[in-house]
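Trainee: I have a model open and would like to go through it with you. Where shall we begin?

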Amino acid sequence: MNEDMLDCLIVGAGPAGLTAAIYLARFHLSIGIVDEGLSRAGWIACTRNVPGFPDGISGDELLRRMRVQAERYGATFTRARVTRIDRGDDGFRVEWGEGSATARSLLLATGVRNRRPDMDEDLHREAVARGLVRYCPICDGYEVTDLKIGVIGSGSHGVAEALFLRGYTADITLIAPDKAHRLERQHQAQLRESGIRTVDGPSRGVAVQQDCIVVETAEGHYTFDSVYPALGTDAHTDLAEQIGAKLGGETRCILAGTHQRTSVPGVYAAGDVVLGLDQISNAMGQGGVAATTIRNDLSKQRPLMR
C-alpha cells in the first residue's frame, strides 16, 4: 500500500459517520468519507428530538451542517457507493466506481434500510415529507398526539410499536401486512385491553388523499392522519461481510463492542448498522466513541505527534 494512506476511511455520512469525521479531523488525522447519499436522516422533514434545536431542524440541514463542520477541519468527502474492501498487511483498500483509497483503519457507518409499505417511490417520498408516513415513534410520536394512527405490521414488532404509540393517542389500528402474518391470540388480547383495533391482512396498498393517508386492505379502506410501517429493517452489512466481520441479532447487524470495535482488527462500526437504538443522538454518541477508540488504537501502532 502506498505512502498516501489515510488514517481512517469512513463509509457512510449519516449522523454517526459525520460525528466521527468531526472528531477524527480534530484529532489531526487524515480522514476520507465515502457516502452514497442515502442516509435515512435525510428523509426527516423536521425533527424536534435532537437536543439544541427547540424549533426543530430538517434532516438534510442537520447533515449539511455536520458536513461543513467536518470539512472545516480537513475531512474530505466523495459521493459514491463503496463496492469492495480488501484487507492488506498494513491496512485496507477501498474501491468505489472509478476511485479507490487505502486506509489504516475503517469505520462502517452504513446504516439500515426500512422495509416500506406497498406504494410508489415518489409518493412515499412525499408522504414521509408531509408526515403522513412515519418510521420512528420514539422520534416523532409526540407529533401524532391524539391523531388517528395506523400501524402496518404484525408479530411482536408490530404489536410493540402499536402499544408504544398508545401512549400518544387512543385511536390506533394495527393492520397485518399479509395473510401469513395474522396476530397471535395473546397479542390480540393485549391489544384489546389497550383499546387498539386490529385488521387482518393483506394490506394491498397505501395512497395519499388530501391531508390523510389511506390503507387498502382485504376488509376495506382505512383512512388515517399518519401511518407507521412496522415491517422491520435490513442492515447494510455487505461490506462488513466482505471482510469477515461478525453479524448478530434478529436484524443481522454488525456486532461491535462498547468501544465500537468489530471482530476484525482495524474495523469499527457505529450508528444504526450496529445493534442498538435507531436514534440520531445514539448514532452521534457511537460516532464519538468510535472516533476516540480509533485515535487511541492508531497511536499504539505509531505515536501521533505534531
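**Strands, helices and salt bridges**

Mentor: Let us begin with a pair of strands: E12 and E13 run antiparallel and are joined by 6 bridges. Please keep in mind that this is a predicted model.

Trainee: Which residue in E13 is the bridge partner of Val-206?

Mentor: Val-206 has Val-215 as its bridge partner in E13. On the E14 side, Val-215 is bridged to Tyr-222.

Trainee: How many residues lie between E12 and E13 in their hairpin?

Mentor: The hairpin of E12 and E13 has 2 residues between the strands, and Gln-210 in the turn has a positive phi of about 55 degrees. E13 and E14 also form a hairpin, with 2 residues between them.

Trainee: How many bridges join E13 to E14?

Mentor: Strand E13, residues 212-217, is joined to E14 by 5 bridges, and the two run antiparallel. Within that pairing, Val-214 stands opposite Thr-223 of E14.

Trainee: What is the strand order in the sheet?

Mentor: The order is E12-E13-E14, an open sheet of 3 strands with antiparallel pairing. Its edge strands are E12 (203-209) and E14 (220-224), each of which pairs on one side only. On average, and with direction ignored, neighbouring strands of this sheet are turned by 20 degrees against each other.

Trainee: Which helix packs on that sheet?

Mentor: Helix H3, residues 121-129, packs on it and touches E12 and E13. The direction of H3 makes about 60 degrees with that of E12.

Trainee: Changing topic to helix pairs: at what angle do H1 and H8 pack?

Mentor: Helix H1 (residues 15-26) and helix H8 (residues 280-301) pack at about 40 degrees, and their axes are 7 Å apart. The crossing of H1 past H8 is right-handed.

Trainee: Which residues make the contact?

Mentor: On the H1 side they are Pro-15, Ala-16, Thr-19, Ala-20, Tyr-23 and Leu-24. The H8 side includes Ile-280, Ala-283, Met-284, Gly-287, Gly-288 and Ala-291. Thr-292, Ile-294 and Arg-295 of H8 also take part.

Trainee: And what is the make-up of that contact by class?

Mentor: The contact of H1 with H8 has 10 nonpolar, 4 polar and 1 charged residues.

Trainee: Next, a single residue. Is Thr-233 buried or exposed?

Mentor: Thr-233 counts as buried, because its relative accessibility is 16% and the cut-off for buried is under 20%. The residue lies in strand E16, which spans residues 233-235.

Trainee: What is Thr-233 in contact with, leaving aside its neighbours within four places in sequence?

Mentor: Thr-233 is then in contact with Arg-40, Val-112, Arg-113, Asn-114, Arg-115 and Thr-251.

Trainee: Now the charged side chains, please. How many salt bridges does the structure hold?

Mentor: It holds 20 salt bridges. One of them is between the side chains of Arg-48 and Glu-143, at 3.8 Å from N to O.

Trainee: Where do Arg-48 and Glu-143 lie?

Mentor: Arg-48 is in the loop between strand E2 (31-35) and helix H2 (59-72), while Glu-143 is in the loop between helix H4 (137-140) and strand E9 (149-153). The pair therefore ties together parts that are 95 residues apart in sequence.

Trainee: How accessible are those two residues?

Mentor: Both count as partly exposed: Arg-48 has a relative accessible area of 47%, and Glu-143 has one of 28%.

Trainee: Which residue forms a salt bridge with Arg-130?

Mentor: That residue is Glu-126, and the closest N and O atoms are 2.9 Å apart. Arg-130 is partly exposed, with a relative accessible area of 38%, and Glu-126 is partly exposed as well, at 36%.

Trainee: Which residues are linked in a network of salt bridges?

Mentor: Arg-116, Glu-121, Asp-122 and Arg-125 are linked in such a network.

Notes
Residues are numbered from 1 along each chain as its sequence is written. This is a predicted model: local features need pLDDT of at least 70, side-chain atom pairs count only at pLDDT 80 or more; totals for chains, interfaces and linings use all residues. Side-chain values use heavy atoms; hydrogens and water are left out. Two strands pair if DSSP finds at least two bridges between them. Helices (H or I, at least four residues) and strands (E, at least two) are DSSP runs, numbered from the N terminus. Axes are lines fitted to C-alpha atoms, for helices over the stretch in contact, and angles run from 0 to 180 degrees between N-to-C directions. Contact means heavy atoms within 4.5 Å. A crossing is left-handed if the near helix is turned anticlockwise from the far one by less than a right angle, and right-handed if clockwise. Ala, Val, Leu, Ile, Met, Phe, Trp, Tyr, Cys and Pro count as nonpolar, Asp, Glu, Lys and Arg as charged, and the others, Gly among them, as polar. Buried means under 20% relative accessible area, exposed over 50%, partly exposed in between (1.4 Å probe, protein chains only). A salt bridge is a side-chain nitrogen of Lys or Arg within 4 Å of a carboxyl oxygen of Asp or Glu.
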